[in-house]
Amino acid sequence: MKGKILVIEDNEQNLYLVRYILEQKNYEVFAATDGKSGIETAASLKPDLILLDIQLPGMDGYAVARNLRKNPVLAETPIVAVTSYAMQGDREKVMEAGCNGYIEKPIDPDTFVEKIEQHLPVKHKR
Amino acid sequence: MKLKARLLSLYAVSTILIMVALGVFFYSTLWEERISSVRYDMLNQLQHIDFSLNDFFTEVESDVNALAVNEIIRSKDDGNFTSFLNADEKTYKYNIGDTEQKIIDIMNNYRITHHYVNSVYMGRENGSFVRSHKRERPTRYDPRERPWYKLAENNPGKTMKTGAYPSLTTSDVNIGFVRALIDERGMFYGVVGADVTLVKLTGYILKFMTNPQGKLVLLDGDGLVLAGLSKEMLFKNINDYSPDLLKIFMQPGQQVASVNIQNEKNYVFFINSTELNWKIAVLIPSENIEKPIIAQIVKTISGLLIGLILLSILTLIGLDIYIVRPLKKFMDETDYIASTSDLERSIDIKSEDEIGLLAKSYNQMITTLRITYKSLKDTEADLIEHRDHLETMVEDRTSQLQAANEKLSAEIKERIQTLNELAVAKEHAESADRLKSAFLATMSHELRTPLNSIIGFTGIILQGIVGPLNDEQKKQLGMVRGSAQHLLSLINDVLDISKIEAGQMRIAHENFSLGQTIEKAVESARPLAEKKGVDLAFSISPGIDTITGDRRRIEQILLNLIGNAIKFTEKGIVKVECEQKDGEVNIRVIDTGIGIRAEDMETIFQAFRQIDSGLTRKYEGTGLGLSICKRLVELMGGKIWVTSVWGSGSTFSLSLPLERKDA
């Protein structure tokens, strides 16, 4: 296994898609379907990277990112936002909330993994 | 009165200034004169005292010499001088013989006739002591041990002067004149001496003082007070009186100096007596030196003051006669005119001076006023007549205006009501519009979520990761992906237009290379052109460099225009040109396609407009692309327009400012 990735995503199909793509590339994938459980899982799991949907039921992705950054254990963990919010200024809002990167939906399976690996620590790279 | 008061104070100030200046000047000049005259006078007197003292001491010296050669005093037989030696130490009763008594008489006689001589005495080698008068408090005494005795013994043949010494028996300070007694064979057998008391010397020298303003002081070489000052200071060092004074005396050659003694300024004048090695000085309080000067200054200044006061009084009288009274006349006249408006009087001043001239010109002015006033009165009467007529006219017009005004007010009220209704309607419309835009934005977003998995999964399957596909499956899945991507672009367009309409579209501000952006757009459209067999070319004129704006949006516009051009061109060429001119960049997308009909030119940039439903079927698209382009260009401060010839091609042009100025 190349590393642990936590995916926080409420849409079942999208979660399946991302999990499938990442597992194909030998990543260990963990999932959470809302912000609250995502924060809890992240704290116990200490993943190598977190993929975060912004539009989540209840607590939204911005709040989740800010909350994750408050935990000293996760202070350095890369967080990549995956969102269909394509408005201009969304990128800035996402970065302000504490994310390291931003991938727009719909994702392109051909380039998705490559984009994520830019944010992973060197040891996990191919 | 005011004028007089001012002049008076001017006089007072200048008088004070003159007095002070004169006082200072007189004081400094007179002081110099005074001090040098006092100095001359004092030093003269001191020289005189010195001379007299020398004279005096010479006289005492010769008297002692005379005593020393007196045959009776010179009596050689020690047997005659036993009374002192044999005297009872308790009672001091002396058994005096004839010879001794004779000597005592001579001595006492001398003492009485020379009042400054305190005592005359003789000491002898056998230890006996003879004196002109009895000692007041006899004690045991050996003359041979006394300094005066030794002084004479060591200097035979000369009369010696002792230093000043305090008397053993009285509070006096004495100076002794002593001489050794030597017999025919040269044998020393005693000393004869006379004491001059300094208390008496003080009285003596004071006789020489013709100027009683100061105190005379006589000092020995070490600063001991020998005479003068007070009795308490006698034989004490002058340092106890004033340390400064001692310092002055110890400086060689100085003859005059000022010194503070007991907080009083004094002048000291002194000379060094070379014969005696004494100092003779006089102390004068500076007040005593100043007194005559001050008196003189007061006299001079009083005289001047009286003169100035007289001058002031005369000037004030003159002022009153020549200026104040005529001015009063003027004032009375002007007051009279102010209260009565009577311009028939004139001023009667006949003098030839400035006041007289003023009166003349005043009278002329009054005459002119009189004439002017009269003509004004006439005009006023005319005006009153006109006014009465005017008032009626104004009343008429006013009532007309009021009527018109009321009518207007009613109209305005009606208009305002309409405006309010319109504002409410506009508010409703705007709120509905905002709701529509928000709805579209949310919808677009919701549509993208399922599209994500459609495009994602078809992509994975097409990659062959899940399992191998046959050609037909690949073709059909490719169509699914194409349709999904088309759907996505439609949604993106709807999202863009709704964002623009909701006022949420923000334009980035970054520096980027326009040339590279054009090239990138052209290259990403090239596969489409090649597929259709249309040539695609671009030319960028030199000098196009970095511009400031939103790179992604400009790329989006270019892709749209180039895509449209390729879409509507069946054969020929699509060309992109770019040049810079007057702070703007101009980009043209030129095609040789079907062109646009003249009647469609106006609506082509409007949203949700289809040029031709038949065309839409043939060329897929929402009809939103150009509308989005136009709005984006305008948001960036630019312009977009089209020229076209139906059937032979279109040219879409846009111009953008190099530096965007925020609206």
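The expected span of a helix is 1.5 Å times one less than its number of residues. This rule is needed for the first of the following views, all of which show a predicted model.

**Figure 1**
Helix α1 of chain B covers residues 2-69. At 1.5 Å a residue, the 68 residues of α1(B) should span 100 Å, and the end C-alpha atoms of the helix are 97 Å apart, which agrees.

**Figure 1. Residue B:E33 in helix α1 of chain B.**
B:E33 is found in helix α1 of chain B.

**Figure 2. The nonpolar cores of chain B.**
The largest nonpolar core has 60 residues. The residues with the most contacts inside this core are B:V191, B:V192, B:V217, B:L219, B:L226, B:F269 and B:A281. Helix α1 of chain B gives the largest share of the core, nine residues. A second, separate core has 36 residues, including B:I562, B:A565, B:I566 and B:I640.

**Figure 3. The surroundings of B:L219.**
Which residues are in contact with B:L219, leaving aside its neighbours within four places in sequence? They are B:L224, B:V225, B:L226, B:I238, B:F249, B:W278, B:K279 and B:A281. Two of these partners, B:L226 and B:A281, are also named with B:L219 among the residues that have the most contacts inside the largest nonpolar core.

**Figure 4. The contact of chain B with chain A.**
The contact takes 19 residues from chain B and 19 residues from chain A. On the side of chain B that touches chain A, the elements that give two or more residues are α9 (354-463) and α10 (471-501) of chain B. The largest share of this side, 12 residues, comes from α9(B). By class, the residues on the side of chain B that touches chain A are eight nonpolar, eight polar and three charged.

**Figure 5. The packing of helices α10 and α14 of chain B.**
Helix α14 of chain B consists of residues 625-635 and packs against α10(B) at an angle of about 40°, with the two axes 10 Å apart. The crossing in which α10(B) passes α14(B) is left-handed. From α10(B), the residues that take part are B:D493, B:D496, B:I497 and B:I500. They meet B:G625, B:S627, B:I628 and B:R631 in α14(B). By class, this contact has three nonpolar, two polar and three charged residues.

**Figure 6. Residue B:S341 in a loop of chain B.**
B:S341 lies in the loop between α8 (286-340) and α9 of chain B. Its phi is near 60°, a positive value in a residue other than glycine. B:S341 counts as exposed because it has 8 C-beta neighbours inside 10 Å, and the limit for an exposed residue is 12 or fewer.

**Figure 7. Two loops of chain A.**
From the N terminus on, the elements of chain A run β-α-β-α-β-α-β-α-β-α, with five helices and five strands. One loop, between α1 (12-24) and β2 (28-32) of chain A, holds A:N26. Phi of A:N26 is near 70°, a positive value in a residue other than glycine. A:N26 is exposed, since 11 other C-beta atoms lie within 10 Å. Another loop, between β5 (101-104) and α5 (112-117) of chain A, holds A:P106. The peptide bond from A:K105 to A:P106 is cis, with omega near 0°.

**Figure 8. Overall views of the two chains.**
Chain B has 14 helices and 18 strands, and 24% of its 663 residues count as buried. In chain A, 37% of the 126 residues count as buried. Among contacts with a separation of 6 or more, residues 24 or more positions apart account for 61% in chain B and for 60% in chain A.

Conventions. Residues numbered from 1 in each chain as written. Chains lettered and ligands numbered in written order. Predicted model: local features only at pLDDT ≥ 70, side-chain atom pairs only at ≥ 80, totals over all residues. Helix = DSSP H or I, 4+ residues; strand = E, 2+ residues; numbered from the N terminus. Buried ≥ 20, exposed ≤ 12 C-beta atoms within 10 Å, placed from the backbone. Contact = placed C-beta atoms within 7 Å. Nonpolar A, V, L, I, M, F, W, Y, C, P; charged D, E, K, R; others polar. Core = buried A, V, L, I, M, F, W, Y, C linked by C-beta atoms within 7 Å. Axes fitted to C-alpha atoms, helices over the stretch in contact; angles between N-to-C directions. Left-handed = near helix turned anticlockwise from the far one by under 90°.
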